[in-house]
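Have a go at each one before you read the solution.

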Amino acid sequence: MTTPNHLVPAALAVAFTTVVEGLSLAEFMPAPLAYLAGAAWGVAVVAAARWIARRPTAAARTENGLVVLGTVAMGLFAFGGFAGLLLLNGAMDSDSLTGETLVAMFLPSIPVAIAGNVPTELLVVPGLLILGWRPGVRRILILAAAGLYLVIRVWSYLVFVSGRLDFAAAERSTTPLTAAERADYVDQLHLNDPRWVLNLAVFGIFLAAAHVPRFAARKAPAAAG
């Protein structure tokens with residue numbers, strides 16, 4: 001029988017995928033269908049994670065694997081994204097920067113972001129909310145990572161994605177950008193956006209979780225005197 005304690009992580013996992021995937025898919029389909037699809041994915045992950053949780057060995061391997069995957073994905077996203085920001089901000093100081101060059105420098109950051117975000121939002125966070133739902137330090141770290149990552153994704157969709165540029169004209173421009181144009185690109189590309197700090201924080205939390213055992217060590221019983 002399902003207890004209320006099992007309902008809490010399930011509700012959190014489904015709420016997470018509903019919001020994150022709903023915001024993502026709303027760009028391609030009506031919003032109600034997008035959020036419904038996000039909720040359906042959450043229910044599917046919860047069902048799969050609970051099925052795995054009934055098999056101790058598989059549960060341990062899957063949970064640890066998701067923590068490692070989250071660490072690697074967020075490391076790629078955090079450090080790759082930060083390097084990209086440094087590169088683009090440095091280029092903005094160049095008087096010879098053209099639209100064509102700017103686009104060529106920006107586009108490689110898209111697959112890096114996808115590689116970091118897709119496994120984290122689809123599998124890592126919702127899966128760990130189910131498999132890692134035990135009293136202890138690791139659950140606290142998982143909840144902290146999930147909360148911060150949710151803030152990052154909502155921030156991204158509401159601020160960054162909505163201000164995305166149409167590069168159709170810029171990618172064919174070989175004329176050096178004016179100072180005003182470069183300033184506009186800094187604002188529209190959110191090159192001073194501090195989200196990278198949160199990305200690094202989530203990476204650090206996953207890294208810490210990877211070094212925390214799934215179960216706390218039991219104290220040995222005191223010897224009889």
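**Exercise 1.** Which residue lies over the face of Trp-51, and at what distance from the ring centre?

*Solution.* Keep in mind that you're looking at a predicted model. Go to Trp-51 and look over the face of its ring: you'll find Arg-55, at 3.9 Å from the ring centre. Now try Trp-133: here Arg-139 lies over the face, 4.7 Å from the ring centre. Both count as a charge over a ring only if the Arg CZ atom is within 6 Å of the ring centre and within 35 degrees of the ring normal.

**Exercise 2.** Work out what kind of aromatic pair Phe-79 and Phe-203 make, then do it again for Phe-82 and Trp-196.

*Solution.* A pair of aromatic rings is described by the distance of the centres and the angle of the planes.

Step 1: take Phe-79 and Phe-203. Their ring centres are 5.3 Å apart and their planes sit at 85°. Planes over 60 degrees apart count as edge-to-face, so Phe-79 and Phe-203 are an edge-to-face pair.

Step 2: ask where they sit. Phe-79 belongs to helix α3 and Phe-203 to helix α8, so the pair ties together parts 124 residues apart in sequence. Phe-79 is partly exposed at 46% relative accessible area, while Phe-203, at 17%, counts as buried.

Step 3: take Phe-82 and Trp-196. The centres are 4.4 Å apart and the planes are at 25°, so this pair is stacked. Phe-82 is partly exposed at 29%, and so is Trp-196 at 28%.

The total for the model is 3 aromatic pairs.

**Exercise 3.** Which residues does the salt-bridge network around Glu-63 join?

*Solution.* Step 1: find the partners. Glu-63 meets Arg-134 in a salt bridge at 2.9 Å, N to O, and it meets Arg-138 in another at 2.8 Å.

Step 1: Glu-63 is in helix α3 and Arg-134 in the loop between α5 and α6, 71 residues apart. Arg-138 is in helix α6, so its bridge to Glu-63 ties together parts 75 residues apart in sequence.

Step 2: buried or exposed? Buried means under 20% relative accessible area. Glu-63 has 0% and Arg-138 has 4%, so both count as buried; Arg-134 is buried too.

Step 3: The shared partners join Glu-63, Arg-134 and Arg-138 into one network. The whole structure has 5 salt bridges; one of the others is between Arg-182 and Asp-95, at 3.4 Å.

Note on methods. Residues are numbered from 1 along each chain as its sequence is written. This is a predicted model: local features need pLDDT of at least 70, side-chain atom pairs count only at pLDDT 80 or more; totals for chains, interfaces and linings use all residues. Side-chain values use heavy atoms; hydrogens and water are left out. Rings of Phe, Tyr and Trp (its six-membered ring) pair if their centres lie within 6.5 Å; planes under 30 degrees apart count as stacked, over 60 as edge-to-face and the rest as tilted. Helices (H or I, at least four residues) and strands (E, at least two) are DSSP runs, numbered from the N terminus. Buried means under 20% relative accessible area, exposed over 50%, partly exposed in between (1.4 Å probe, protein chains only). A salt bridge is a side-chain nitrogen of Lys or Arg within 4 Å of a carboxyl oxygen of Asp or Glu.
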